[in-house]
Amino acid sequence: MNNVTTMRSLGLALMLSVLAGCTSTSTQDQDSANNGGADSGVTVGGSENAGVNDVPEDTMEDEVVLDTVFYFDFDQSMLKPAARAALTAHAERLKANPESIRLEGHGDETGTREYNMALGERRGIAVRDFLSLQGVDTSSIEVISYGEERPASMGSSDSDYSQNRRVELK
Amino acid sequence: MNHLRHISALFRLSVLFAACLTLFAASAAHAQLTIEITQGVDSPTPIAVVPFGTPGQLALPEDVAAIINADLRRSGLLRPLPKDDMLSFPRNKYEISFRDWRILGAEYLVIGNVTRSADKYSVHFELFNILSQRTVHSQTFEAGLNQLRDLAHYAADQVFEKITGIRGIFATQMIYIEAFQNGNEAQDKFRLMLADVDGARPRLLLESKQPILSPSWSPDGKQVVYVSYETGRPAIFRQEIATQVREQLTNFKGLNGAPVWSPDGRTIALTLSKDGNPEIYTLDLASKKFTRITRHFAIDTEPNWTTDGKGVIFTSNRGGKPQIYQVTLASGRIERLTFEGGYNARPRVSPDGKSLVMVHRENGVFHIAAQDIASGDMRILTETYLDESPTIAPNGAMLMYATRYRGKGILAAVSLDAGVKFRLPSKQGDVREPAWSPFID
């Protein structure tokens, strides 16, 4: 089980670092109107030029790999005891080397989308509050909910759902 | 479009990509949803719609009678006779043999003609009652050369209304979300689409690599409002359909969700968590002023306006589980509306204001349910799986919703009396969050 979790964290960390390569903030310049898709990943009407760019495959940094994904029960935003050890270690790391982090809250596909959006935020806040209790400065933490819009596992089984009710620390 | 271009420094609103005004022409790249009727009423009224006549060698891009037939069949209330059963194709009333149609079992007959001039089509049709042998209705419509399909839908609306007394919704449209996700976020693609309500003529309104959700119409059917994550965070945008001009309406920390336009078009109700907790707010579009409506430590979200615009109905778990509540805006008074079951959420009010539809969980399964507001009686309308996002047609007779079918997200529809059911399977991606347009004049 631990191996599985570690593999998943590794996989996720790798995927996240890859993703970071293609994340960009939106520009609001009028100039970008014609190729807005390329800058922000958004295409309004017609233009079909929103290509997927090649992304560099970063290598892992050589530090201890901590769990970065924390799971929740159905319709719940209470932190599970299993998450505490890893979060405490994250808190120590963040206190020693302060950096901005993002907590992305997610839900499973059951239930309505905007309600799940609220639930995802609650889960992110539960993690933020735990880190705050450990002494981490909350001004460096941003909580973003994705509700059920970005499932980690695409299926519709209970095990898919339990993998999707999560907070990802990025 | 100039009226959309207010720029308010206070709220950091900005018109994005205003120069991108190209109208998106329907293209083969956007797969059309096609309809499969899964249940009709027991004894729909038989009607014959004869192939429409054209002068000389005029070839039409659309089969007008076939479109009318498909519309009427989808209503579930009428049963169009197959073309192969017809003994003749009359083009005017003098060619009609009422006896033949009576023997075929038709109660009504529609005949018509299409003519074309340099820049427009003209459709003339006549509806007959076979038993009385009288004309019930006749009418001529004209429209541009790319609008023959619209003319067919208008004719179907008229025929349907004359026979059933219910205003037709065949000329209305829908918006919905199309999502392509394979587990690799880098390849995610989300699209906001606009299509005829029969799934034809899909048009792209917005495409993004980040989620798009909660699309909703302005009451005049000219604009849409939705949530987009394109900035890396959820933000609410409005977009004018004809010009594609967009305006970002919110940019708060936390949730920016569930936008719905008020019946008078002046205000948008939405969910924000900028004060630490999900609450319902209203945004006055002229002044850009936000007003907080709910104050509770629970989740308050998924607002929908009452038909008179004086109240907002919403989902809250203030009682422990998600249920539906109504707040009266003037007094702030809050009333709980649903009591049956442990999960009732995302309400939509019927156009007559008398009933609610919502997502209801029973025995762990999510269905669409309707509740009579006055009596509190609830009926479950669907029997599919993971049903959500109900949207009611502007005539109040049907609703569309999102469900799963063969492992994919699809749209389906059911009449409010649950007698008629059909689904619109998608050839590609997951289709969800339909929003039925208002009547478009």
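**Strands and a helix in chains A and B**

Within the predicted model, Thr267(B) has Asp284(B) of strand E17(B) as its bridge partner. Strands of a sheet pair through backbone hydrogen bonds, in either a parallel or an antiparallel sense.

Further along chain B lies strand E24 (residues 355–362). Six of the eight residues of E24(B) are buried, so this strand is largely enclosed by the rest of the structure. Strand E23 (residues 344–349) of chain B runs antiparallel to E24(B) and is joined to it by four bridges. One of the residues involved is Arg348(B), whose bridge partner in E24(B) is Val357(B). The hairpin of E23(B) and E24(B) has five residues between the strands, and Gly353(B) takes a positive phi near 75° there.

E24(B) also pairs with strand E25 (residues 365–372) of chain B, in an antiparallel manner and through eight bridges. Here Glu362(B) stands opposite Val365(B) of E25(B). Two residues separate E24(B) and E25(B) in their hairpin, and Asn363(B), in the turn, has a positive phi of about 50°.

Chain A contains five helices and five strands. Read from the N terminus, its elements follow the order α-α-β-β-α-β-α-β-α-β. Chain A has 170 residues, of which 35% count as buried. Among its contacts between residues at least 6 apart in sequence, 69% join residues at least 24 apart.

Leu87(A), His90(A) and Leu94(A) are buried in H3(A). These three residues lie on the same side of H3(A), because they cover an arc of only 55° around the axis. An α-helix has 3.6 residues a turn, so residues three or four places apart point the same way. The buried residues of H3(A) pack against strand E3 (101–106), helix H4 (113–133) and strand E5 (166–169) of chain A. On the face turned away from the buried side, H3(A) carries the exposed residues Ala85(A) and Ala96(A).

Notes
Residues are numbered from 1 along each chain as its sequence is written. Chains are lettered from A and ligands numbered from 1 in the order in which they are written. This is a predicted model: local features need pLDDT of at least 70, side-chain atom pairs count only at pLDDT 80 or more; totals for chains, interfaces and linings use all residues. A residue is buried if 20 or more other C-beta atoms lie within 10 Å of its own, exposed if 12 or fewer, and partly exposed in between; C-beta atoms are placed from the backbone. The arc is that of the directions from the helix axis to the C-beta atoms. Two residues are in contact if their C-beta atoms, placed from the backbone, lie within 7 Å. Two strands pair if DSSP finds at least two bridges between them.
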